[in-house]
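Here are a few friendly notes to read alongside the model. Take them one at a time, and keep the 3D view open as you go.

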Amino acid sequence: MLNSSLPAEVKVAARWRALLSGQQLRRTLSVTTLAPGMIAVRLNGPPALLERMGLRSTAAGPQPTNSPAGVARRLAWVSLDARRFSGHVVQGDSLLDPCLHPAGEDASTACVRINGGYFNFRQRACVGSPEHLPIGSLRMRGGAAQPALQVPPAFVDDYRELAFGDGSSLACAPLLAERGEAVFALKASGNPCYRLPPDFSFERGDVVAPGMLWHAHDANPRVAISVPAGPGNGRIRLVAAPMVDRSCADTGWTLSAFSAALARLDRQHSPPNLSLNLDGGESVALMAWAEGRTLLDVRQTLQPRHVGNLIEFRAGAPRRSPEMVRCVRLAT
């Protein structure tokens, strides 16, 4: 029997290993302790195998797959002990390089960064506004409000505010999973609001404005954050799902499939975590550092897109009462 004090990632990985063996195990699953309180997990396997591991690609359960031989789906996450790591929003006066080593007096401490919320990419949300402006409210340390663009009215109900202990916060969408249920998968099923409009044409030059959720039913690289639903020690999980080949839909995740996978990961905890989608696509980057070394580097491209904001967690002295990362509805 596994020790109940072990992190959920270690216990679940032990169950997954029972499904794998030899070379398949080495190719598919990697679990690494990067620093005290920081565990990295990487999965790389065919969709059918991830189904067997409980990471369903559909909300309704395992489905037959017609994926070509050799197709793989990737999922990576960093699991953080909430007693040891504090999070905050990073934003500047221009776009940020997600792979740039964090600076400052605490640069040697363990640190992990992941994409934040949507931003005015190529000024597609507002031509007259700077590209780095966020979609929806964003606050920095101490609660200082930053200039921001309006959330698309059609999707206001999908947005949540992710708030950190230092007073910083950002808006992101949609809520993927809650109480261990794939809430977005259920909400989006058959809903035309989450599909490209019938007259939409990439060939004609049509674009999806940042903050719109028309991409939900398309397979894309995805990013999410999973946080404890209530007070307690808990673990925070930063999740990245880059695509092996963007021309092959079976290597990516629709938001419904991502919702189902995150719900499964959230159920590693009791009570289950809740999960929020973050800005993905070409900007997907999950990076970790300590003592000046890169410990983890998961990206969609070798030169990821510069982004408007990031979420960062840094290590500190263990705390008996960790600060909650709160998820609330946007004020209307």
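This is a predicted model: local features need pLDDT of at least 70, side-chain atom pairs count only at pLDDT 80 or more; totals for chains, interfaces and linings use all residues.

1. Strand E5 covers residues 111-115, and strand E14 covers residues 285-290. The two run antiparallel to each other and are joined over three bridges.

2. E5 also pairs with strand E16, residues 310-315. This pairing is antiparallel too, with five bridges. To find it on screen, look for Cys111, which stands opposite Arg314 in E16.

3. How many of the five residues in E5 are buried? The count is five of five, so the strand is mostly covered, where buried means under 20% relative accessible area. Across the protein chain, buried residues make up 52% of the 332 residues.

4. Now zoom out. The protein chain contains five helices and 17 strands. Among its contacts between residues at least 6 apart in sequence, 72% join residues at least 24 apart.

5. Why can we call the overall size consistent with a compact globule? For 332 residues, such a globule would have a radius of gyration near 20 Å, and the protein chain has 19 Å, so the two agree. Its C-alpha atoms fill a box of roughly 60 × 50 × 35 Å along the principal axes.

6. The accessible surface is about 14800 Å², with 51% belonging to carbon and sulfur atoms. The chain has 36 positive and 27 negative side chains, and the centres of these two sets are 7 Å apart.

Methods: Residues are numbered from 1 along each chain as its sequence is written. Side-chain values use heavy atoms; hydrogens and water are left out. Helices (H or I, at least four residues) and strands (E, at least two) are DSSP runs, numbered from the N terminus. The radius of gyration is taken over C-alpha atoms; the globule rule is 2.2 Å times the number of residues to the power 0.38. Buried means under 20% relative accessible area, exposed over 50%, partly exposed in between (1.4 Å probe, protein chains only). Contact means heavy atoms within 4.5 Å. Accessible areas come from the Shrake-Rupley method with a 1.4 Å probe; for residues, only the protein chains shown count as cover. Lys and Arg count as positive and Asp and Glu as negative; His and the chain ends are not counted. The place of a charge is taken as NZ of Lys, CZ of Arg, CG of Asp or CD of Glu. Two strands pair if DSSP finds at least two bridges between them.
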